[in-house]
2 protein chains.
Amino acid sequence: MASLNEHRCETQSQDKDVNLVIEGGMAITMTKAKAPIPGARVLVSKGRILDIGKADEVKLPSGGHFEIIDAHDAIIMPGLINTHTHSAMTLFRGMADDIPLKQWLFEKIFPAEARFLTPETVYWGALLGCLEMIASGTTCFADGYFFQDQTIRAAHNAGLRGLIAQGVIDFPAPGIPDPKENIKTAREFIDRWIGFSDLIMPGIFCHSPLTCSSQTLNKALEISKKHHLPLQIHLSETSEEVHEIIKRHGKRPVHYLDQLGLIDRSLIAAHGVHLNNGEIKLLKKKGVKIVHVPESNMKLGSGVADISGMTKNGLTLGLGTDGCSSNNNLDLFSEMDTAAKLAKVFDLNPLSLNAGAVLEMATTGGAAVMGLEKEIGTLEKGKKADIIVVDLNHPHLCPLYDPISALVYSANGADVKDVIVDGRVLMKERKFTTIDPDEVMGRVREISKKIGN
Amino acid sequence: MASLNEHRCETQSQDKDVNLVIEGGMAITMTKAKAPIPGARVLVSKGRILDIGKADEVKLPSGGHFEIIDAHDAIIMPGLINTHTHSAMTLFRGMADDIPLKQWLFEKIFPAEARFLTPETVYWGALLGCLEMIASGTTCFADGYFFQDQTIRAAHNAGLRGLIAQGVIDFPAPGIPDPKENIKTAREFIDRWIGFSDLIMPGIFCHSPLTCSSQTLNKALEISKKHHLPLQIHLSETSEEVHEIIKRHGKRPVHYLDQLGLIDRSLIAAHGVHLNNGEIKLLKKKGVKIVHVPESNMKLGSGVADISGMTKNGLTLGLGTDGCSSNNNLDLFSEMDTAAKLAKVFDLNPLSLNAGAVLEMATTGGAAVMGLEKEIGTLEKGKKADIIVVDLNHPHLCPLYDPISALVYSANGADVKDVIVDGRVLMKERKFTTIDPDEVMGRVREISKKIGN
C-alpha cells in the first residue's frame, strides 16, 4: 500500500506542473522502437515531455491549468532541425537566381551584404527566418552569419532553439571591416552569450578552408574547444574549392583540415559534395558531423553529395536548407522530399535514402549533429518538448497508408498546424504566439525596397 | 463622335456580360511581352478574359452583377497545366515507396489496380486528384488510366479542363479483362465523350512501346488521327525499356515509333529520360510534344531527362507530376522547383532551366503540349479565363524582388488562394465551390482501408 500511495502522491505532484497536453493524433516518436502510437497523448511539464503514450494509458492531470492542443487527424512528431542555414539571408530571397556561384557570391551576395547588413536589418531578416521556420515546423536551427547578436535576439524573441554562430572570414565582413578583428569578434560573441539561455548556444562559423587561413581556423578551434562548443564550416561544396585547396596545400580539404586538428567530433561540416571515399572514412573515424544541403547544391549547380556512401559508412548526418538566397525557402519538409528523391536518381536506385532515413536526418540526425541528442530529436519521456503537429486533413495527405511516407513525399511546411519549443506553444492552429507576422514582413519589405534599388 | 459613341455602346454591351473581376494584384501574363502588370484588373465574361491591364486602364463594368476576387498582395497568373498524370492513383498514394520500379509496378501497383479499381473507386480517386489539383493551382490536366468515364465524370463535376484518355495495354487491365478488347474500348470511349463538353477532350493513352504491340499502336494512332486528338504514351522512361526495344526491334524507341508513324505532332510523350541526340532531333523535326516528369523519375531512380538538350533543340515541353503513387503529390509548384534545380545539378550549371523557362513549361508549354495554345496558357484578351491567384502574404514569399523566382523557388501549392477555370470560380479564399472535400477524403479513406489490408 505504501508504494501505491507514493505513486499517487508523485502523480499528483507531477499533475500540478503539466502546462500542456497534446492529444488525439498519431505520434511518430522517432525513437528506436519507432512504431507509431495511434490516438496518442503527450503531457508536457516544465519544458519537457512528462509522459507519452496511448490516450488510455496516459491519464490527464486531475487538476491544475493546462492548455490542450487538439491533434485529431494529425501527426504528432519531433520538431524538425535545420542544421545549416543563414537565417537573415531571407533579406536576399530571390534577389539573384540562375547565375554562376562565383558571380552569385562575389557580384551579388557579398556586395549586398556589405551595403545593406546592419544590426537592424539582420534582426528583421533573422526574425523573418524564425517566422518561416516556425511556420514550416522547424524548432531548432544551426545558423552562421554576421551581426549574430541580432540573430540570437531574433531566435530568443521567437522562442526557437538554436546554435547561433558568429561568422569568421579573412576578408572584410559585415560588422568586421578589419579581418584581423574576426577572431576577437567571435571570442567576444561567445563570451557575451554563453550561458545566456538554455535554448541558445553560441558558436563560431568559419566560412571555409579557402576563405579562412590555417591560423584563423586554429584560433576558432581553440575557442570552440575551450567552451565545448561545436565549430561550423562549409566543406567541399564545389569542385573548384577542392582543386584550390589541393593547389595551395597539396592535399584534399578533409586531410588539410585534419592536419590542423579540425577533423574531430566538434566539427559540423556543411555540404560535403565533393568528398572521396578516403575522406568519408576519415570523417567517420573522427566523428565529424555532416550536413546535407541538397536543394542549395542543386540550385547552384554544385553537385550531389554521396549520401548513400556516407550512410553506409555510418556518418552522423543532418539536413539543412542553407540560406534563402540559394534555396529559396526554409521548408525542411520540401528539403526531405528532395533529399530522398535526389539520392535515388543520383544512385539510379529507388532504394537509396528511404523516407525513414531522411526523416531521421531531419530529427535524430540533426540532434546528433548539434550534440543535443540527449535533449531533442525524439518524442520520449524526459526529453525537451520540441514538438510539431502536422494536419492530415488535406487532399494531398489522403489516404494515409504510411505516415512516414506522407511526411516525406506528400507534405509541405504549410501542413504544420502547431509548433511547441521547450514546452512553449509558438504556433497554434497556424497562429503565431511570439511574433507578429505583419510587422516582420512589413519591416523586411521596407528593407527590400532599398536593396532592390 | 460616331466612333466614340460606338465605343461607349460596345463597352456597355460588354459590361453586362462581365461575371467576374479579379483585381489588385500583380499579373504575370506569360505572354511574349511578359512584363508583370502591377495593380492589375482582369474582366471575365462568358468564360473568357474580356480585358486585362492596369486597374486605371481597365474600367469596372458600370452595371450588372459580377463577383470580385480580391488579389491584393497576390499574383494573378495563368492556371498551371499538368501534362502527365493518372489522377485516380491518389488511391495508392504512399502505398509502396522506396522499392525498385519493376517490383513497384508488377508486385504492388498492377495487383492493387486489378483488385481494387472499379468505376466507383476510380471516380473517388480521380475526384480526390481534382480536389488536390484545384487546391494547388492546376486548372488543366492530361490524364491516362482505366475506367476513364469516371475520371471524365470527376473532372466535369470538379469543373477542371482536361485531356482524359483511356488506357490501352496488351495485358488484362482494369475494366478490360481481355486485351483484345482494348482498342474497341478506347474507340467507344472516344465516341462516347467527343463533343461532350468544351472543357473535356477524350483521348487514348498507349501504355508504352513495350506493353503495346505495333498493331495496337497503329490502331490507337488511327482512331486519334480520325478525331484530330492527341495520342499519349510513356516513352523511354527507363534504360531497361530502351534496351528491350532495341533487342526486339533493332532500333531505339523513337526510331521504332517513327517507323510505325507515331512520331508526329499529335504525339504527347511522357518522360523521355533516355533519349539520345538523334532521337531528340527527330522528335523536334516531327513536332512531338514531350512531358518532363522529374519527381517521378527521381523517386523511381529512372534517371534525368536532358531538358537542356531538348530546350536547345526547341522541343515543345510540358511539365507533369505523374500519378500520386510515384511522386507522391500533384503539386506543380513543387514540381517546377525540382525541375529547375534538377536540371542545374544534372548539367552542373546554375544557368540551366531558369525560373522563367520552367514556369513556361507549366503554362504556355503545357498548353502547346495539349494543342490548346490558342485557348489557355497565358492571360490575354480573348483567351479562356483559366486563372489562379497566389497569395504573397506568407513568410516564405517575403520579400519579393522577382515574382517569377518567388513562384518557382519559394512557393508551394498551398499558397494558391483562388482558382478559376473557364470563368468559373472553383476555389475562393481556399474554399472549394464544386467539391465537398470532407466527402471526397472520407470516401477515399474508406476505400483505402480495403486496399491497405
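The following paragraphs describe how the two chains of this predicted model are built and how they meet.

The model is predicted, and local features are reported only at pLDDT of at least 70, side-chain atom pairs count only at pLDDT 80 or more, and totals for chains, interfaces and linings use all residues. Residues are numbered from 1 along each chain as its sequence is written, while chains are lettered from A and ligands numbered from 1 in the order in which they are written.

The description opens with the domains of chain A. Its domain assignment, with bounds that come from an automatic or database domain assignment, gives domain 1 (2-79 + 379-432) and domain 2 (80-369). Taken over C-alpha atoms, the centres of these two domains of chain A are separated by 30 Å. In the contact between them, 21 residues of domain 1 of chain A meet 27 residues of domain 2 of chain A; two residues are in contact if their C-beta atoms, placed from the backbone, lie within 7 Å. On the side of domain 1 of chain A that touches domain 2 of chain A, at least two residues each are supplied by α14 (403-410), β16 (416-421) and β17 (424-428) of chain A. Helices (H or I, at least four residues) and strands (E, at least two) are DSSP runs, numbered from the N terminus. The largest share of that side, five residues, belongs to α14(A). By class, this side of domain 1 of chain A divides into 14 nonpolar, four polar and three charged residues, where Ala, Val, Leu, Ile, Met, Phe, Trp, Tyr, Cys and Pro count as nonpolar, Asp, Glu, Lys and Arg as charged, and the others, Gly among them, as polar.

The contact between the chains takes 55 residues from chain B and 55 residues from chain A. Among the elements that give two or more residues to the side of chain B that touches chain A are α3 (119-135), α12 (332-347) and α15 (437-452) of chain B. The element that gives the most to this side is α12(B), with seven residues. The side of chain B that touches chain A has 27 nonpolar, 16 polar and twelve charged residues.

Chain B can be laid on chain A with an RMSD of 0.0 Å by a turn of 180 degrees and a shift of 0.0 Å along the axis, the copies being superposed by least squares on the C-alpha atoms of residues with pLDDT of at least 70 in both. The two copies are thus related as by a two-fold rotation axis. The same surface serves both copies, since 100% of the contact residues of chain B recur in chain A. Of the residues of chain B, B:A414 comes closest to the rotation axis, at 3.4 Å (C-alpha).

Within chain B, five of the six residues of strand β1 (residues 18-23) are buried; a residue is buried if 20 or more other C-beta atoms lie within 10 Å of its own, exposed if 12 or fewer, and partly exposed in between, with C-beta atoms placed from the backbone. β1(B) pairs in the antiparallel sense with strand β3 (residues 40-45) of chain B over five bridges, and two strands pair if DSSP finds at least two bridges between them. Four bridges join β1(B) to strand β5 (residues 67-70) of chain B, in parallel.

Some backbone details remain. The peptide bond from B:C398 to B:P399 is cis, with omega near -5 degrees, and B:P399 lies in the loop between β15 (387-391) and α14 of chain B.
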